[in-house]
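Here are some notes for a colleague who is opening this structure for the first time. Please keep the sequence and the 3D view at hand while reading the points in turn.

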Amino acid sequence: MITRQLGSEVRWMLRRPRTLIGLFGLVLVPIVISFGIWTADGDGGGPGIAAILRGNGMVVPIFTLFLSLNLLLPLVASIWAADGLAGEAQHGTLRGLLVAPVSRVRLLFVKLFGLTAMSLFAVTLMAVVGIIAGTAFLGNDGMMTLSGTTLTTAEGLLRIAFFVVLVTFQMVAVGAVALAVSATTEHPLVVQAATMTSIIVFQVLGQFSSLDWLHPFLITTGFPGLVDVMRDPIPFDQISDSTLLAGCYLLIGTGLAAIRLVTKDS
Amino acid sequence: MTTSASAPAAAPSTTAVAARTKGLRKEYGSTVAVDRVDLELPEGAVLGMLGPNGSGKTTTIRMLLGLVRPTQGEIELLGTPLPDGAEQALPHVGALVEGPGFHPFLSGRENLVRCAAFEPLLPKKQIKQAVEDALERVGLAQAAHRRFRGYSLGMKQRLGLAAALLVPRKLVVLDEPTNGLDPAGTREIRKIIAELHEQGSTVLVSSHLLSEVEATCTHVAVLHRGTVVAQGELTELLQAGGSALHVITPDVETALSALRQAKISARPLGDGLRVELAGTSAPQVIETLVKAGAGVYEATRWKTGLEELFARLTEAEEAERGMSAVDTLDGGAR
Ligand SMILES: Nc1ncnc2c1ncn2[C@@H]1O[C@H](COP(=O)(O)OP(=O)(O)O)[C@@H](O)[C@H]1O
Ligand SMILES: [Mg+2]
């Protein structure tokens with residue numbers, strides 16, 4: 001029963017025009033990045049990870065996801081979360097599910113699963129297109145790390161897979177909080193606006209050193225540290241901090257969504 | 001048809017009920033949507049919930065389905081109390097609540113398949129067939145591949161009905177199912193309700209039209225401003241208050257004495273008389289009058305019981321804040 005519900009949820013998400021447009025947009029990012037680096041010959045990139053992109057196609061997926069995590073991926077996660085509960089309430093389909101019946105806790109689980117599956121799919125898709133586009137435009141002989149060493153292609157692929165998992169987890173954490181908002185309203189746009197405003201405000205707050213006591217609580221603070229997967233060997237402290245923080249967001253978001261959903265009139 | 005397998009041995013002191021509410025009340029902020037609602041839905045009955053717009057029909061139905069938590073009161077659905085029994089009872093309940101809710105970008109068929117995936121009583125293998133059967137039953141088979149976005153109001157309503165009928169149900173709840181339907185569509189809905197009744201399902205159907213309820217229901221509950229003002233079997237309610245005949249005749253005196261001789265009570269009224277039909281029938285009255293030589297221009301059955309009550313309710317609703325209307329209404333309701 002549950003597998004059939006999960007399958008139905010993912011199929012439904014994939015059928016939504018918005019999802020398809022979103023995925024198409026996401027796929028364009030690595031292509032545009034590869035193309036941009038390829039045309040802009042001369043001085044090599046910017047600081048940090050951008051500097052090692054030249055002639056290093058395997059870094060494109062990492063760079064793409066790293067860039068997208070700041071805005072694009074949270075946006076997509078918020079859209080899915082918004083459509084998942086608020087959108088269903090707006091269309092009147094939430095009632096249908098609840099009288100089927102699907103218990104409200106089960107429904108939240110289904111929604112969270114859909115969000116996770118689709119996030120993993122989207123991030124993986126971006127990574128795969130990134131590898132292909134990066135290799136095509138920038139060439140590929142192993143993966144140069146931020147520490148100056150070069151990894152074999154196989155090792156590089158492992159690093160990319162690890163990064164995909166980390167980024168997906170951050171995306172799901174944002175989505176879980178968005179689901180909590182989504183459980184309180186019938187207007188999907190409210191959910192997207194609230195989520196994106198928070199993400200942007202968090203990033204702005206992260207710039208003020210006078211607020212550094214606040215920074216450990218902002219999910220966005222954890223984003224830059226993830227790029228440590230590109231060091232050799234990988235230092236795990238920042239990565240685990242970021243992941244732990246995202247885990248807290250996931251738990252709190254899911255908890256709030258459950259409380260709201262269980263008492264909700266629909 | 002019985003809700004529990006253990007039923008036969010126990011001699012039920014009360015008739016079995018598919019659903020029952022006690023002292024149901026729902027407040028939305030300062031508005032009281034529903035108050036002191038005691039409904040009884042006998043098993044196998046077709047209960048028409050009759051009430052003008054805003055009288056609390058949808059809110060009552062939502063509470064009955066566990067969608068909305070009552071502020072006060074108890075609900076029993078198919079033998080189990082809500083909200084705890086929801087997962088046990090709801091698989092046997094099909095519902096169409098406040099207009100059909102579907103995804104605009106999916107076709108009618110795809111929408112139903114999605115509904116079916118969440119039906120606990122429907123094995124995966126049977127989903128496809130159940131969806132086709134439901135589409136066929138509501139006459140949507142031809143349009144099933146089209147997007148829901150492009151459906152007419154009537155088609156949307158039919159699809160909602162199809163979703164309620166995906167699985168054989170013990171109880172089917174339809175909130176104003178004929179809204180937006182043309183006369184042919186209305187007839188089809190009536191036919192479907194009659195079929196459900198024949199198959200032994202219990203049906204709860206809400207409407208703001210008396211004719212609708214008269215045509216399809218065995219039982220009626222009349223709602224007004226969130227409370228039940230009358231409830232019972234349709235035939236009883238229609239008779240309640242005694243039926244009467246309004247006869248238009250120029251020979252009032254002749255007619256009155258003839259009727260008095262025949263021990264039929266009557267009194268002059270307007271350009272004719274009002275004849276009570278207690279202990280007699282309309283043909284008998286007219287025969288008496290004709291034999292006595294009183295010319296009968298017209299004879300109409302008087303609005304009585306349910307009809308009169310409901311007419312007053314709706315008129316009061318139309319008159320909105322007309323104080324006198326509300327007064328008569330309250331008097332009539334008691
Ligand atoms: N979600 C809600 N919030 C506030 N008021 C509501 C809500 N739902 C219903 N009401 C109010 O409750 C009353 C009964 O509404 P409803 O049950 O929809 O009536 P009906 O279905 O008989 O037309 C109306 O006055 C309506 O305004
Ligand atoms: Mg209504």
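Which residue stands opposite B:His219 in β11(B)? The model is a predicted one, and the question is taken up in point 2.

1. Chain B in outline. Chain B has 12 helices and 15 strands, and of its 334 residues 50% count as buried. Among the contacts in chain B between residues at least 6 apart in sequence, 68% join residues at least 24 apart. The chain is divided into domain 1, covering 18-238, and domain 2, covering 243-302; taken over C-alpha atoms, the centres of domain 1 of chain B and domain 2 of chain B are separated by 44 Å.

2. Strand β10 of chain B and its partners. To answer the opening question, B:Glu233 in β11(B) is the residue that stands opposite B:His219. The two strands, β10(B) and β11(B) (residues 227-233), run antiparallel and are joined by six bridges. They form a hairpin with two residues between them. A further partner of β10(B) is strand β4 (residues 46-50) of chain B, which pairs with β10(B) in the parallel sense over four bridges; here B:Val222 in β10(B) is the bridge partner of B:Leu50.

3. How far is β10(B) enclosed by the rest of the structure? Six of the six residues of this strand (residues 219-224) are buried, so the strand is largely enclosed by the rest of the structure. In a regular strand the side chains alternate between the two faces of the sheet.

4. Backbone points to check. Most residues other than glycine have a negative phi, and most peptide bonds are trans. Against that background, B:Arg225, which lies in the loop between β10 and β11 of chain B, has a positive phi near 45°, and because its relative accessibility is 47%, B:Arg225 counts as partly exposed. Another positive phi, near 50°, belongs to B:Arg36, a residue that lies in strand β2 (residues 31-37) of chain B and that counts as exposed because its relative accessibility is 58%. As for cis peptide bonds, one joins B:Leu82 and B:Pro83, with omega about 0°, and B:Pro83 has its place in the loop between β6 (80-81) and α2 (86-89) of chain B. In chain A, the peptide bond from A:Ala100 to A:Pro101 is cis, with omega near 5°, and A:Pro101 lies in the loop between α5 (93-99) and α6 of chain A.

5. Helix α9 of chain A. At 1.5 Å a residue, the 27 residues of this helix (residues 237-263) should span 39 Å, and the end C-alpha atoms are 40 Å apart, which agrees. The buried residues in α9(A) include A:Ile239, A:Ser242, A:Leu245, A:Ala246 and Tyr249 of chain A, together with A:Gly253, A:Ala257 and A:Leu261. What covers the buried residues of α9(A) includes α4 (72-91), α6 (104-138), α7 (153-182) and α8 (188-205) of chain A.

6. Aromatic pairs. A search of the whole structure finds six aromatic pairs over all chains. One of them is formed by A:Trp38 and A:Phe137, a tilted pair with 5.5 Å centre to centre and 50° between the planes. This pair links distant parts of the chain, with A:Trp38 in helix α2 (residues 17-39) of chain A and A:Phe137 in helix α6 of chain A, 99 residues apart. A:Trp38, at 46% relative accessibility, counts as partly exposed, and A:Phe137, at 26%, counts as partly exposed. In chain B, the rings of B:Phe148 and B:Tyr151 have their centres 5.7 Å apart and their planes at 55°, so this pair is tilted. B:Phe148 is buried, with a relative accessible area of 6%, and B:Tyr151 counts as buried at 5% relative accessibility. A:Phe35, A:Trp38 and A:Phe137 form one aromatic cluster.

7. Charges over rings. In chain A, A:Arg16 lies over the face of A:Trp12, at 4.3 Å from the ring centre. In chain B, B:Lys26 lies over the face of B:Tyr28, at 5.3 Å from the ring centre.

Definitions and conventions:
Residues are numbered from 1 along each chain as its sequence is written. Chains are lettered from A and ligands numbered from 1 in the order in which they are written. This is a predicted model: local features need pLDDT of at least 70, side-chain atom pairs count only at pLDDT 80 or more; totals for chains, interfaces and linings use all residues. Side-chain values use heavy atoms; hydrogens and water are left out. The expected span of a helix is 1.5 Å times one less than its number of residues. Buried means under 20% relative accessible area, exposed over 50%, partly exposed in between (1.4 Å probe, protein chains only). Contact means heavy atoms within 4.5 Å. Rings of Phe, Tyr and Trp (its six-membered ring) pair if their centres lie within 6.5 Å; planes under 30 degrees apart count as stacked, over 60 as edge-to-face and the rest as tilted. A charge sits over a ring if NZ of Lys or CZ of Arg is within 6 Å of the ring centre and within 35 degrees of the ring normal. Domain bounds come from an automatic or database domain assignment. Two strands pair if DSSP finds at least two bridges between them.
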